[in-house]
Amino acid sequence: MRTFIDRIMHEEADGYSSDNSDCSMDSMDSVLNACVCTSSLGTNSRYRKTQAVSAHVVASNPDFGILFDVDGVLARGSTPLEPAKRAMEKLKDSNGHLRVPVAFVTNACNRSHDKARQIGNWFDLEVSPDQVIHAPTPAKLLRDLHDKHTLVIGQEHRLDIGADLGFENCCTIDDVKEAYPLLDMVDHENRKVVARGQYKENPDFPRVEAILLIGEPTHWESNLQLLIDLLLTQGKPTEAPTDVHAVPQIPVIACNMDLVFMAEACMFGHGAFLVCLEALYKKITGKDLEYTSLVGKPCEITYRFAEHTIVKIAKRMGINKPIKRLYFFGDNPHVDIVGANLYDRYIKQNALNLANGNESDGSTSSTDSSGLPSSRVIPANADLHDQTVEHCYSMLVGTGVYKAGTEMNKKGPDGKVIYHGHRDIAHEPHLTQPHKFVHDVHDGIDYIFEREALLSA
């Protein structure tokens, strides 16, 4: 049997592919079916901690950070999970402060200060807004678009969120509907208003120069109608296009490609809305909708921004050495785990590029030395701390979307594997394999403490 040090060396060499003998991955079909079930793995989990970590010393200058998804990992809806409460207690020092740099990475779309307050209340912890990374947050890096007249699609607080991201001139779908009332004929109430002549157009409404999709809206039918109209008219739907196949596309940023997410039950995510928009655009134009940038898990830009955030927090904590390792806790193998493993691959490809004399870190504006499609390239002018992490370890928990022991890559009637990820993210089933599966986040923290020789108080 290998010693603990041997196992660590083996894992360092193999990255995310190691130490998975106790992990059976599921297909998204299983996820969709399991979403209506309870989230606990109960006593059927094959992973159990064999001994408690019991000493009372802690590294004073850790060179690693921990990233947590929220729904399904730390909480179910608005209710914190008990294992998460115990995990957070282990991460605190005697003064109630975190001993390790931590950030929270969610594909939800809220105001960061609201979520920070909620997480802080859950765990009796001081959480700053910059520790919370929502799906749109890395759009702060897209500075070339911040001065554009930008249509923000989402629900509550969407203008506040757009402004917080740095977009200086935002509008909503309601503003577009008011300016162009003749467009929204799928709204039968609006039809009645138009029929009575009780409307006024505003041809002076500024051209929409960019579209920022931060989350699924209400009234999908109206949003889809108006978005297609804007895309077919370069943001100024005062005249019908002469040829819908030849209209240059305005920039589109999409945040969060999740098809479903776990709250109190399984819900359609923003990814489902994007599927509708892409299908309509292609049906009408014969072309794929082009994304200027995809932001949110599992895209590399989100994990790169998360590393930047961990480094910033570490410096604030007085940690004076580079962060070398990240541990990412997630409950969805097709989103959280794929994303962490994509970033681990990105890191290694970046290191190889540098070793071969390529000074680029992969953050180029067109062709990317890491081989990323244009929608996933990290901007060259991104204001980020130096990239120092050498490994990003994916930690899959069994308290949310994932259900242990279910079949992976289930096939459809045609015999083909059904892939529920975004079309700009290639289907690579091996990337759903975590570095480590743990019953819950508490067990995961024990594993990290042992692995890092970091002993809980």
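**Close-ups of charged side chains**

In this predicted model, 55% of the protein chain's 457 residues count as buried. The chain holds 12 helices and 15 strands, and by the rule used here it has 22 salt bridges.

**View 1. A pair within helix H11.** Here Asp 344 and Lys 348 form a salt bridge, with their closest N and O atoms 2.9 Å apart. Both sit in helix H11, 4 residues apart, which is about one turn of the helix. Is Asp 344 buried or exposed? Asp 344 counts as buried, because its relative accessibility is 2% and the cut-off for buried is under 20%. Lys 348, at 33%, counts as partly exposed.

View 2. Lys 324 and Glu 390 meet through their side chains in a salt bridge, 3.4 Å from N to O. Lys 324 comes from the loop between helix H10 and strand E13, and Glu 390 from the loop between helix H11 and strand E14, so this pair ties together parts 66 residues apart in sequence. Lys 324 is partly exposed at 25%, and so is Glu 390 at 41%.

**View 3. Asp 288 meets Lys 282.** The closest N and O atoms of this salt bridge are 3.1 Å apart. Asp 288 is partly exposed, with 41% relative accessible area, and Lys 282 is partly exposed too, at 43%.

**View 4. A network of four.** Take a look at Arg 111, Asp 114, Arg 117 and Asp 160: salt bridges link them in a network. Side chains of opposite charge can pair when their charged atoms come close.

View 5. Glu 209 lies in the loop between helix H7 and strand E8 and is partly exposed, at 35% relative accessibility.

Terms used:
Residues numbered from 1 in each chain as written. Predicted model: local features only at pLDDT ≥ 70, side-chain atom pairs only at ≥ 80, totals over all residues. Heavy atoms only, no water. Helix = DSSP H or I, 4+ residues; strand = E, 2+ residues; numbered from the N terminus. Buried < 20%, exposed > 50% of the residue type's maximum accessible area, 1.4 Å probe, protein only.
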